[in-house]
Amino acid sequence: MVKVIGMDTTQGLAHQTDEDLMRRYRDTGDEKVYNELVHRYERELYRYLARYTGDPSTAEDVFQNTFLQIHLKRGLYEDDRPFRPWLYAIATHQAVDALRKAGRRPTVSLDQKLSPSQGESDAGSLLDMLVNDDTGPLADLQEQERREWVRESVEKLPDALRQTLILAYHQDLKYREIAGILKIPVGTVKSRLHAALAKLQQMAKVAQRDGKED
């Protein structure tokens, strides 16, 4: 994790919005403000990176690099720019770069449900959507086999579809936040998710057909 400088974040900082903190850090370089942002996101962002990279050590490195970039890019932060999508955009870029250098692709677990309060981001459990039908193409597989099949199948998706899927199904991000992170229209986020699910369902049908032919 990023090494926090000092532990004297004030109660006042805890009540400020992310955007207020980022503006203040941009303007003053106050370490306490930076530390508050790190504390605020260290668990959430690390979980995302661990799922995305599939490796705790890589996730920790990417987390540190992400907040290093926040420090280096603080002068570029624009007033009223939502902080969370900006942070995730930087983190995702850092994760993609780290995996590319390592010659790896993202790996994810796919059974985490989103909070029901997330409104338009409530895409539900990917695993449930694909396998909850007892008569569906994955009905003959055991639970662990289903999870493994879904994980391996998602890794075969094109990068754009896989990246959108991970942000939608694991990070409580709204479609408009994903759109901001990936710099695409909200409609494209939805179409990518639709395309990803359609591909996975088609792959499941092929797997079922091939299994019956064996």
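Mentor: Let's start with rings: those of Phe, Tyr and Trp (its six-membered ring) form a pair if their centres lie within 6.5 Å, and planes under 30 degrees apart count as stacked, over 60 as edge-to-face and the rest as tilted. In this structure, Tyr 25, Tyr 34, Phe 63 and Phe 67 make up one aromatic cluster. Please remember that this is a predicted model, in which local features need pLDDT of at least 70 and side-chain atom pairs count only at pLDDT 80 or more, while totals for chains, interfaces and linings use all residues. Residues are numbered from 1 along each chain as its sequence is written, and side-chain values use heavy atoms, leaving out hydrogens and water.

Trainee: How many helices and strands does the chain have?

Mentor: Helices (DSSP runs of H or I, at least four residues) and strands (runs of E, at least two) are numbered from the N terminus. This chain has 10 helices and 0 strands. Of its 214 residues, 43% count as buried; buried is under 20% relative accessible area, exposed is over 50% and partly exposed is in between (1.4 Å probe, protein chains only).

Trainee: How many aromatic pairs does a search of the whole structure find?

Mentor: The search finds 8 aromatic pairs. Take Tyr 48 and Tyr 88, a tilted pair with 5.2 Å centre to centre and 50° between the planes. Tyr 48 sits in helix 3 and Tyr 88 in helix 5 (residues 83–102), so this pair links parts of the chain that are 40 residues apart. Tyr 48 is buried, with a relative accessible area of 0%, and Tyr 88 is buried with 0% too. Next come Tyr 77 and Trp 86: their ring centres are 5.3 Å apart and their planes at 50°, so this pair is tilted. Tyr 77 and Trp 86 are both buried.

Trainee: Which residue lies over the face of Tyr 25?

Mentor: A charge sits over a ring if NZ of Lys or CZ of Arg is within 6 Å of the ring centre and within 35 degrees of the ring normal. Arg 74 lies over the face of Tyr 25, at 5.5 Å from the ring centre.

Trainee: At what angle do the axes of helix 2 and helix 3 cross?

Mentor: Two packed helices are described by the angle and the distance between their axes. The axes are lines fitted to C-alpha atoms over the stretch in contact, with angles from 0 to 180 degrees between N-to-C directions. Helix 2 (residues 18–28) and helix 3 (residues 31–53) have axes that come within 9 Å and cross at roughly 145°. For contact, look for heavy atoms within 4.5 Å. From helix 2, Asp 18, Leu 21, Met 22, Arg 24 and Tyr 25 meet Val 33, Tyr 34, Glu 36, Leu 37, Arg 40 and Tyr 41 of helix 3.

Trainee: Which residues does Arg 81 touch?

Mentor: Leaving aside residues up to four places away in sequence, Arg 81 touches Glu 19, Trp 86 and Lys 183. Arg 81 is in the loop between helix 4 (56–72) and helix 5 and is partly exposed because its relative accessibility is 27%. Glu 19 is 62 residues from Arg 81 in sequence, yet 7.2 Å away in space, C-alpha to C-alpha.

Trainee: Where is the place of Lys 183?

Mentor: Lys 183 is in the loop between helix 9 (175–182) and helix 10 (186–213). Lys 183 has a positive phi of about 60° although it is not a glycine, and at 64% relative accessibility Lys 183 is exposed. Now look at Asp 80, also not a glycine, with a positive phi of about 70°. Asp 80 lies in the loop between helix 4 and helix 5 and counts as exposed, at 67% relative accessibility.
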